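Here is a short tour of a protein chain for you to follow alongside the coordinates. Let us start with a single residue and widen the view from there.

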Amino acid sequence: AAEWQRKGSSGSYRLALGEALARNAEKVTREVFAAVVVTGGSGGPGMAGTNAVLIPRFVTAEQTAVTLTVLLEWTLKDDKGNTVWVDTIKGEGDASAWLLASDIEQRSKAMLDDLFHKSFQALSSSRTIREFVAKQRN
């Protein structure tokens, strides 16, 4: 499951990230690509009627003394299942003063904003992705 947990002497904290990652991954993908088909992950690009599939995969979430970090791997595959592009993006947020549940939610929002801003930059500036898209148009 895409989540972060911490157990300590002052209590236990759990932050479920799955829904927020899925929602934001779709949003970023729609900002970068002209046409997007969202699937449940059960079929490849051909099953979805597309010539490529972009797969976001949660890698990990961890906390240091002052930073909450999440890693998300993006993989673009062609219609034959060959990997065209892959990158792992790191999002960070301040975790130095998490005392209340509301603090966790607010600080995780900053971490997710950072993650998906960097994801947008990586996807939209990738020369490999631009070249792949240009080939698909020909």
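Leu72 is found in strand 4; helices (H or I, at least four residues) and strands (E, at least two) are DSSP runs numbered from the N terminus. Keep in mind that this is a predicted model, in which local features need pLDDT of at least 70 and side-chain atom pairs count only at pLDDT 80 or more, while totals for chains, interfaces and linings use all residues. Residues are numbered from 1 along each chain as its sequence is written, and side-chain values use heavy atoms, with hydrogens and water left out.

Is Leu72 buried or exposed? Its relative accessible area is 2%, so Leu72 is buried; here buried means under 20% relative accessible area, exposed over 50%, and partly exposed in between (1.4 Å probe, protein chains only). Not counting residues up to four places away in sequence, Leu72 touches Pro56, Arg57, Phe58, Val59, Asp87, Thr88, Ile89, Leu115 and Phe116, where contact means heavy atoms within 4.5 Å. Leu21 is 51 residues from Leu72 along the chain, and the C-alpha atoms of the two are separated by 8.8 Å.

## Strand 4 and its partners

Strand 4 is mostly covered, with 10 of its 12 residues buried. Two strands pair if DSSP finds at least two bridges between them. Strand 3 (residues 52-63) runs antiparallel to strand 4 (residues 67-78), and 11 bridges join them. The two form a hairpin with 3 residues between them. Leu72 is the bridge partner of Phe58, and Lys77 in strand 4 is the bridge partner of Val53.

Which strand takes up the pairing next? Strand 5 pairs with strand 4 in the antiparallel sense, over 11 bridges. Here Leu71 has Lys90 of strand 5 as its bridge partner, and Thr69 stands opposite Glu92 in strand 5. The hairpin of strand 4 and strand 5 has 4 residues between the strands, and Gly81 takes a positive phi near 90° in it.

## Helix 1

Now to a helix that can be checked against a simple rule. The expected span is 1.5 Å times one less than the number of residues. For the 15 residues of helix 1 (residues 18-32), that should be 21 Å, and the end C-alpha atoms are 21 Å apart, which agrees.

Ala20, Leu21, Ala25, Val28 and Thr29 are buried in helix 1. These residues cover an arc of only 155° around the axis, so they are on the same side of helix 1; the arc is that of the directions from the helix axis to the C-beta atoms. Glu19 and Lys27 are exposed on the other side of helix 1.

## Leu123 in helix 3

Helix 3 (residues 101-125) holds Leu123. Leu123 is buried, with a relative accessible area of 1%. Which residues does Leu123 contact, leaving aside its neighbours within four places in sequence? They are Val28, Val32, Leu54, Trp74, Trp85 and Ile129. Among these, Val28 is also one of the buried residues of helix 1. Phe33 is 90 residues from Leu123 along the chain, with 9.3 Å separating their C-alpha atoms.

## The whole chain and its confidence

The protein chain has 4 helices and 5 strands, in the sequence pattern β-β-α-α-β-β-β-α-α. Of its 138 residues, 31% count as buried. Among contacts with a separation of 6 or more, 50% come from residues 24 or more positions apart. The chain exposes about 8,400 Å², of which carbon and sulfur atoms supply 49%; accessible areas come from the Shrake-Rupley method with a 1.4 Å probe, and for residues only the protein chains shown count as cover.

How confident is the predictor? The average pLDDT of the protein chain is 82, and 75% of the residues score at least 70; pLDDT is the predictor's confidence in each residue, from 0 to 100. Confidence is highest in strand 5 (residues 83-94), at 94, and lowest in helix 2 (residues 45-48), at a mean of 55.
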